[in-house]
Number of protein chains: 2
Amino acid sequence: MAAATHKLIAHAGLDAATMAAVAREAGFSVGLVQHYFASKDELLLFAYKQMTEHQLTRVARKVAEGEAARQPIRAILLDCMPELWPLDEARRGEYRVAKAFHARALDVPTVAEVARETATVVRGQIARAVENGKECGEVEVQTDAERAALELSALIAGLADELYSEPVGGQGARALIKAAEAILEDRLGSYFPGECHHHDR
Amino acid sequence: MAAATHKLIAHAGLDAATMAAVAREAGFSVGLVQHYFASKDELLLFAYKQMTEHQLTRVARKVAEGEAARQPIRAILLDCMPELWPLDEARRGEYRVAKAFHARALDVPTVAEVARETATVVRGQIARAVENGKECGEVEVQTDAERAALELSALIAGLADELYSEPVGGQGARALIKAAEAILEDRLGSYFPGECHHHDR
DNA sequence: GGAATAACCATACGAGCATATGGCTTCCTC
DNA sequence: GAGGAAGCCATATGCTCGTATGGTTATTCC
């Protein structure tokens, strides 16, 4: 049911996600949707929460993989961040849903709460990565981790917007993606200039 | 009339900007609004266009002032960019309106066109500033101006999001603004490391 | 000065929506 | 096997919205 909601919003915006449309898309009746969700707001909020959870889970898995492979933190971050970019149709859909809810967050406090929370989590994880980088020698010790996390998370979000405007698959899109990746790499390089000095045991 | 629309959207979101509400807010009848705008879409698009025009005009004035005062390009950019940040109630309102339309742009091509165009203008102006910086010695000649503009515009947009989440006026807000300004200053510093070598005549 | 054009209004209409209501079935559980 | 909860549905209700309609009052221009 949340999947149907996601699909509708991704395809035609929040306004298209009516109770009737969700029910039809999910193959149920309107009444059943009401049976599980007391109101439309509840349904939307649930769908939104679930999507952000999925995103964060994917990122967490990538982090775990990177750590298992003993990759430097810089490389792990470089691998994770484009997970939030609209690089294929699935992630373009997520981007659209996220944007729709960001607008809704301006007026609906419960949505704003979720948006704020996920943003805080992302920034916190980046900040922790920078702190870890200090310990293992990738990051200079005087670096302000919070400030770095602020810049990096802002940059990711901003680049996502720029990337979305170019339709996927074209040559212009490929060039843009290259540019965005290069920017991210550069910026990560400026915050993580060193080599990890930990040795495999 | 566009002002009334702006006010409503800024205060309560796109959904609150109904024909009746706009008419009431502007002190006219619904019929008169219809007389000037063939459809609601037309009204919304006009209001959006006008707002972006206002923003770009303000920026252009700041640029002109900075050039008249022979300020270095880096300083002019540092002065202009926060113009798009939600630093006071007026600009918070503009931010909300812009966000609402960005979401709408996902589904309405005419809105997407305007959003895309203004984004292109902003990026183009930054790129031109970088090119100018090369000529006067502030920027290293091998710098990729398009890439720099991409990063800077993404950074501004991303930082705007981060800034908005903190309510204005608090101490947390002031700290965040400081941090955002510091980041922007740093980044401008990395793209504009030199001094202008032009002399006053 | 008269006709056409523009400014301006109240109200009607019809569609779409969220939600409420009252039901029917299935499946546990005591 | 009675009964009650949970799964499931069709339809009614009432509201809000964009737009259509048919006007009246100014203004302008020949």
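Analyst: A residue counts as buried when its relative accessible area is under 20%, as exposed when that area is over 50%, and as partly exposed in between. The model discussed here is predicted.

User: What percentage of the residues of chain A count as buried?

Analyst: The limit to apply is a relative accessible area under 20%. Chain A has 201 residues. The part of them that counts as buried is 44%.

User: Which pattern does chain A follow along the sequence?

Analyst: Chain A holds nine helices and zero strands. Its C-alpha trace spans about 60 × 35 × 35 Å along the principal axes. Read along the sequence, the pattern is α-α-α-α-α-α-α-α-α.

User: Of the contacts in chain A with a separation of 6 or more, what percentage is due to residues 24 or more positions apart?

Analyst: A contact here means heavy atoms within 4.5 Å. Among the contacts of chain A with a separation of 6 or more, residues 24 or more positions apart account for 67%.

User: How far apart do the centres of the positive and negative side chains of chain A lie?

Analyst: The accessible surface of chain A is about 10300 Å², and carbon and sulfur atoms hold 53% of that area. As for charge, chain A carries 23 positive and 30 negative side chains. The centres of these two sets are separated by 3 Å.

User: How many salt bridges are found over all chains, and which residues of chain A are linked in a network of them?

Analyst: A search of the whole structure gives 32 salt bridges over all chains. In chain A, a network of salt bridges links A:Arg58, A:Lys62, A:Asp79, A:Glu83 and A:Glu94.

User: Why are B:Glu65 and B:Arg61 separated by about one helical turn, and how far apart are their closest N and O atoms?

Analyst: Both residues belong to helix H4 (residues 40-68) of chain B, and they are separated by about one helical turn because they are four residues apart. B:Glu65 is partly exposed at 46% relative accessibility, whereas B:Arg61 is exposed at 54%. The two form a salt bridge, and the distance between their closest N and O atoms is 3.7 Å.

User: What is the relative accessible area of B:Asp88, which forms a salt bridge with B:Arg91?

Analyst: In the salt bridge between B:Arg91 and B:Asp88, the closest N and O atoms are 3.0 Å apart. B:Asp88 counts as partly exposed, its relative accessible area being 31%.

User: Are B:Arg187 and B:Glu151 buried or exposed?

Analyst: B:Arg187 forms a salt bridge with B:Glu151, with 3.9 Å between the closest N and O atoms. B:Arg187 lies in helix H9 (residues 171-191) and B:Glu151 in helix H8 (residues 145-165) of chain B, so the pair ties together parts 36 residues apart in sequence. The relative accessible area is 6% for B:Arg187 and 0% for B:Glu151. Each value is under 20%, so B:Arg187 and B:Glu151 are buried.

User: Which residues form a negative surface patch?

Analyst: One of the members, B:Asp107, lies in the loop between helix H6 (89-105) and helix H7 (109-136) of chain B. B:Asp107 is partly exposed, at a relative accessible area of 38%. The residues that form the patch are A:Asp15, A:Asp107, B:Asp15 and B:Asp107.

User: With which residues is B:Thr143 in contact, leaving aside its neighbours within four places in sequence?

Analyst: B:Thr143 is located in the loop between H7 and H8 of chain B. With 17% relative accessibility, B:Thr143 counts as buried. Apart from neighbours within four places in sequence, its contacts are B:Val130, B:Lys134 and B:Tyr191.

User: How far apart in space are A:Gly27 and A:Ala68?

Analyst: A:Gly27 is found in the loop between helix H2 (19-26) and helix H3 (30-36) of chain A. A:Gly27 is exposed, with a relative accessible area of 61%. A:Gly27 and A:Ala68 are 41 residues apart in sequence, and their C-alpha to C-alpha distance is 42 Å.

User: What values does phi take in A:Arg70 and B:Arg70?

Analyst: A:Arg70 lies in the loop between helix H4 (40-68) and helix H5 (73-80) of chain A. B:Arg70 lies in the loop between H4 and helix H5 (73-80) of chain B. Phi is positive, in a residue other than glycine, for A:Arg70 and for B:Arg70. The values are near 60 degrees for A:Arg70 and near 55 degrees for B:Arg70.

Definitions and conventions. Residues are numbered from 1 along each chain as its sequence is written. Chains are lettered from A and ligands numbered from 1 in the order in which they are written. This is a predicted model: local features need pLDDT of at least 70, side-chain atom pairs count only at pLDDT 80 or more; totals for chains, interfaces and linings use all residues. Side-chain values use heavy atoms; hydrogens and water are left out. Patches are made of residues with over 30% relative accessible area and no salt bridge: like charges are joined within 9 Å, nonpolar side chains (Val, Leu, Ile, Met, Phe, Trp, Tyr) within 5 Å. Accessible areas come from the Shrake-Rupley method with a 1.4 Å probe; for residues, only the protein chains shown count as cover. A salt bridge is a side-chain nitrogen of Lys or Arg within 4 Å of a carboxyl oxygen of Asp or Glu. Lys and Arg count as positive and Asp and Glu as negative; His and the chain ends are not counted. The place of a charge is taken as NZ of Lys, CZ of Arg, CG of Asp or CD of Glu. Helices (H or I, at least four residues) and strands (E, at least two) are DSSP runs, numbered from the N terminus. Buried means under 20% relative accessible area, exposed over 50%, partly exposed in between (1.4 Å probe, protein chains only).
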